[in-house]
Amino acid sequence: GFPPREQYDSWATWLDDYYGGIRILSRSNIVLSNGLLDPWSSAGVYKSNAYPSRERDSSGPVEVQNITTDGSIVALAMDLGGHHLDLMFLSDDDPPCAKLARDIEDEHITKWIAEWKEQSTTTCDE
């Protein structure tokens, strides 16, 4: 659905060129967080054609989308989140979505470290 590459202004595509654009699917172990109060959250990475609704239902304050089929890249959509809210220091004033996003990020990072340790142990023993 994109116009041919030669029709683009080179400055319009530098982010995709630099960060990989849709080629991100060849990567792994990434949690992308998006605060839906952030004015540029619509430019975040989401599942194809699945921009999260600001109208939250029973899914809770954080929507988790698997970007890759194996779940090694996920996108979080925080209903009351702003830019980098989940990366800031903890505060009693944090909305529930920030606390939950941090927990989800922690779970993924802990799992990746355990997988790396297991792979390293297996590789070194051989």
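Which residues make the nonpolar surface patch of about 720 Å²? In this predicted model, the patch is built from Trp11, Trp14, Leu15, Tyr18 and Tyr19.

Take Tyr19 from that group. Tyr19 sits in helix H1, which covers residues 14–19. With a relative accessible area of 59%, Tyr19 is over the 50% cut-off and therefore counts as exposed.

## The sheet

Now for the strands. There's an open sheet of 3 strands here, in the order S1-S3-S2, and its pairing is mixed. Strand S1 (30–35) and strand S2 (62–66) are the edge strands, so to speak the ones that each pair on one side only. On average, neighbouring strands of this sheet are turned by 20° against each other, direction ignored.

As a reminder, strands of a sheet pair through backbone hydrogen bonds, either parallel or antiparallel. S2 and strand S3 (residues 73–78) run antiparallel and are joined by 5 bridges. If you want a spot to look at, find Val62: its bridge partner in S3 is Met78.

## A pair of tyrosines

The structure holds 1 aromatic pair. That pair is Tyr46 with Tyr51: the ring centres are 5.1 Å apart and the planes sit at 85°, so this one is edge-to-face.

Definitions and conventions: Residues are numbered from 1 along each chain as its sequence is written. This is a predicted model: local features need pLDDT of at least 70, side-chain atom pairs count only at pLDDT 80 or more; totals for chains, interfaces and linings use all residues. Side-chain values use heavy atoms; hydrogens and water are left out. Two strands pair if DSSP finds at least two bridges between them. Helices (H or I, at least four residues) and strands (E, at least two) are DSSP runs, numbered from the N terminus. Axes are lines fitted to C-alpha atoms, for helices over the stretch in contact, and angles run from 0 to 180 degrees between N-to-C directions. Rings of Phe, Tyr and Trp (its six-membered ring) pair if their centres lie within 6.5 Å; planes under 30 degrees apart count as stacked, over 60 as edge-to-face and the rest as tilted. Patches are made of residues with over 30% relative accessible area and no salt bridge: like charges are joined within 9 Å, nonpolar side chains (Val, Leu, Ile, Met, Phe, Trp, Tyr) within 5 Å. Accessible areas come from the Shrake-Rupley method with a 1.4 Å probe; for residues, only the protein chains shown count as cover. A salt bridge is a side-chain nitrogen of Lys or Arg within 4 Å of a carboxyl oxygen of Asp or Glu. Buried means under 20% relative accessible area, exposed over 50%, partly exposed in between (1.4 Å probe, protein chains only).
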